[in-house]
Amino acid sequence: MEGKQAQRQIYERVVNTAIPKLLVQYEPLIANAEERAGYEQFKSSWEAYTALDKKQMALSDGSDADILAARQMAVGEVAQAFAAVLAGVSKNVDINVNGGDKATAAADVSYQRALVVSVIVIGI
């Protein structure tokens, strides 16, 4: 039982402390409206998931009937809520990768222009 309690404490620390802290750190880095919308969608799905997860965890400490209900939640609404979280993460990764690609392309164009200007200035 001790191992199970230790695992639960680690899990709860990550879910209730570490991830919320990371979200606070990430939010000021949001670069545009598309990313803001993706973040808000993720945050909403995360809150829904954690609410269901808390309910499921409480049930798992109860009677045999409660444990059965917790198991049913795990493969039902909790699984669906977690799938929504993963979809939000995936969407935000795509947004950031696309933004990085655009920034790289813009930097490349800027570099090429600066190179041309430098060659012209040196030639004068």
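E40 counts as partly exposed, because its relative accessibility is 37%. (Buried means under 20% relative accessible area, exposed over 50%, and partly exposed in between, with a 1.4 Å probe and protein chains only.) This is a predicted model: local features need pLDDT of at least 70, side-chain atom pairs count only at pLDDT 80 or more, and totals for chains, interfaces and linings use all residues. Residues are numbered from 1 along each chain as its sequence is written, and side-chain values use heavy atoms, with hydrogens and water left out.

**Salt bridges around R36**

- The side chain of E40 meets that of R36 in a salt bridge, at 3.6 Å from N to O. (A salt bridge is a side-chain nitrogen of Lys or Arg within 4 Å of a carboxyl oxygen of Asp or Glu.)
- Both E40 and R36 sit in helix α2, four residues apart, which is about one turn of the helix. (Helices are DSSP runs of H or I with at least four residues, strands are runs of E with at least two, and both are numbered from the N terminus.)
- R36 also forms a salt bridge with E27, and here the closest N and O atoms are 3.0 Å apart.
- R36 is partly exposed, with a relative accessible area of 30%.
- E27 is partly exposed too, at 27% relative accessibility.

**The salt bridge between D61 and R8**

- The count of salt bridges comes to three.
- One of them joins the side chains of D61 and R8, at 2.6 Å from N to O.
- D61 lies in the loop between α2 and α3 (64–75), and R8 lies in helix α1 (residues 2–26), so the pair ties together parts that are 53 residues apart in sequence.
- D61 is exposed, because its relative accessible area is 52%.
- R8 counts as buried, because its relative accessibility is 14%.

**The nonpolar core**

- The largest nonpolar core has 14 residues. (Such a core is a set of buried Ala, Val, Leu, Ile, Met, Phe, Trp, Tyr and Cys residues joined through side-chain atoms within 4.5 Å.)
- Helices α1, α2, α3 and α4 each supply at least two residues of this core.
- The largest share, six residues, comes from α2.
- W46 and Y49 have the most contacts inside the core.
- Y49 is in contact with Y11, V78, A81, F82 and V85, leaving aside its neighbours within four places in sequence. (Contact means heavy atoms within 4.5 Å.)

**S45 in helix α2**

- S45 has its place in helix α2, which covers residues 33–60.
- S45 counts as buried, because its relative accessibility is 12%.
- Leaving aside neighbours within four places in sequence, S45 is in contact with A81, A84 and V85.

**K91 in helix α4**

- K91 belongs to helix α4, which covers residues 77–123.
- K91 is partly exposed, with a relative accessible area of 37%.
- K91 touches G38 and Q41, not counting residues up to four places away in sequence.
- K91 and V116 are 25 residues apart in sequence and 38 Å apart in space, C-alpha to C-alpha.
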